[in-house]
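Here is a friendly walk through one protein model, meant to be read with the structure open beside you. Please keep the viewer at hand and follow along.

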Amino acid sequence: MSQSVLEVRHLRTLVALRDSGSLVRAAQLLNLTQSALSHQIKLLEDRHGTPLFERKSVPPQFSAVGERLLALADLVLPQIEAAERDLARLVLGQGGQLRIAVECHTCFDWLMPAMDAFRTRWPEVELDIVSGFHADPVGLLHQGRADLAIVSEVDADEVGVDYHPLFGFEIRALLANAHPLVAKPFLTAQDFADQTVITYPVPDEMLDLIRQVLEPAGVRPPRRTTELTVAMLQLVASGRGVAALPLWAVQGYLDRGYVTARPVGAQGLRGELHAASLPQVSAKPYLQDFVSVVRETSFVTLKGVTLL
């Protein structure tokens, strides 16, 4: 029998292709160029003499050979990952805690599923969310009150903190379905000038719409705040104002036709999320795995997400 060319990376490539739905997104998920990913797939196809999936189908439709390799991946990869976690436990000891502080109101939409997935991988790690919204979650790291902070910006002047990129996302303007601005393909800063802008009750520098769009244009519209996303959407739907939220946070409401979304600017408005931790925490294998889980689950499940 000839030696197999099959490697773990090939199995991970096929799983990424299945889970992400396209070659472009699979390459991003694996931090590869699309050319490198295509080369891996072609190597397997040449070896087995048949395509692994239908190129023109979206999402990919796998052939019988592709499905067999995916079945192998689903069997083998979890065992490899579990063994790697066990090795880390043997070397560094078991247990630990991961207290998470957040500065964004919508973070829980993706954070809770990621935490659930993490618990099955590291059941001995105590996982908790530091109660309440925090305008300065990085400060809690220095105070010893949190182990991980979710932030929207990397502060280059912050000493003694490691930043781990999570994902980028599109922010859309939200309008009542009958709002006159719905007729526009996208909104500019001036379109907000005579609108009541509904936001969370946070400092302006934490709001991408204000910081990136309105403030540079000198636009200062009337404001209204609310703590709850659902309350914000209800106000928008009833014509009390407009808002701007991550696409992934409101996709369900858009699918039901509750409100209408429009891009902000011709190129769209984008935000980012990063995880911050102190160096001694960054070195812990379970923190590194948590960051990986967040990135992978969010990329696969959330609308409009790209990896940083």
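## The model and its confidence

This is a predicted model, in which local features need pLDDT of at least 70 and side-chain atom pairs count only at pLDDT 80 or more, while totals for chains, interfaces and linings use all residues. Residues are numbered from 1 along each chain as its sequence is written, and side-chain values use heavy atoms, with hydrogens and water left out.

The mean pLDDT (the predictor's confidence in each residue, from 0 to 100) is 91 for the protein, and 96% of the residues reach 70 or more. Confidence is lowest in helix H4 (residues 64-92), with a mean of 87, and highest in strand S10 (residues 260-263), at 98.

## Overall build

The secondary structure comes to eleven helices and twelve strands. Both are DSSP runs numbered from the N terminus: helices are H or I with at least four residues, strands are E with at least two. Along the principal axes, the C-alpha atoms fill a box of roughly 75 × 50 × 30 Å.

Of the 308 residues in the protein, 45% are buried. Here buried means under 20% relative accessible area, exposed means over 50%, and partly exposed lies in between (1.4 Å probe, protein chains only).

The expected span is 1.5 Å times one less than the number of residues. The buried residues of H1 are His-10, Leu-11, Thr-13, Leu-14, Val-15, Ala-16, Leu-17 and Ser-20. Val-15 has a relative accessibility of 15%, and its C-alpha atom is separated by 9.5 Å from that of Leu-77, 62 residues apart along the chain. Just after H1, Gly-21 takes a positive phi of about 95°.

H11 has 17 residues and reaches 24 Å from its first C-alpha to its last, close to the expected 24 Å. Its buried residues include Tyr-286, Leu-287, Phe-290, Val-294 and Phe-299, and also Asp-289 and Arg-295.

## The largest pocket

H1 and H11 turn up again at the largest pocket: along with helix H2 (23-30), H4 and helix H5 (108-121), each supplies at least two residues of the lining. On a 1 Å grid over the protein atoms alone, a pocket is an open set of points with protein on both sides within 12 Å along at least five of seven lines, a cavity is a set where a 1.4 Å probe fits but cannot get out, and lining residues have an atom within 4 Å of a point.

The largest pocket has a volume of about 900 Å³, a volume being the space filled by probe spheres set on the points, with grid points joined across faces, edges and corners. Its lining has 26 residues, of which Arg-12, Glu-81, Arg-121, Ser-292 and Glu-296 lie nearest the centre. That lining divides into 13 nonpolar, three polar and ten charged residues. Ala, Val, Leu, Ile, Met, Phe, Trp, Tyr, Cys and Pro count as nonpolar, Asp, Glu, Lys and Arg as charged, and the others, Gly among them, as polar.

## The cavity

The structure holds one cavity of 30 Å³ or more, and about 380 Å³ of space lies in the largest cavity. Among its 26 lining residues, Tyr-200, Met-206, Leu-207, Asp-208 and Pro-246 lie nearest the centre. Strand S6 (162-175), S7, H7, strand S9 (243-246) and strand S11 (269-277) each give two or more residues to the lining, and S9 provides the largest share, four residues. The lining comprises 19 nonpolar, four polar and three charged residues.

## Salt bridges

How many salt bridges does the structure hold? There are 14, each a side-chain nitrogen of Lys or Arg within 4 Å of a carboxyl oxygen of Asp or Glu. Glu-170 pairs with Arg-172, with the closest N and O atoms 2.6 Å apart, and Glu-170 is buried at 15% relative accessible area. Lys-184 and Asp-191 pair at 2.8 Å; Lys-184 is partly exposed at 28%, whereas Asp-191 is buried at 13%.

Arg-223 and Asp-204 meet at 3.0 Å, N to O. This pair links distant parts of the chain, 19 residues apart: Arg-223 is in strand S8 (residues 223-225), and Asp-204 is in the loop between strand S7 (197-199) and helix H7 (208-214). Arg-223 is partly exposed at 34%, and Asp-204 is partly exposed at 32%. Elsewhere, salt bridges that share partners join Arg-18, Asp-19 and Asp-74 into one network.
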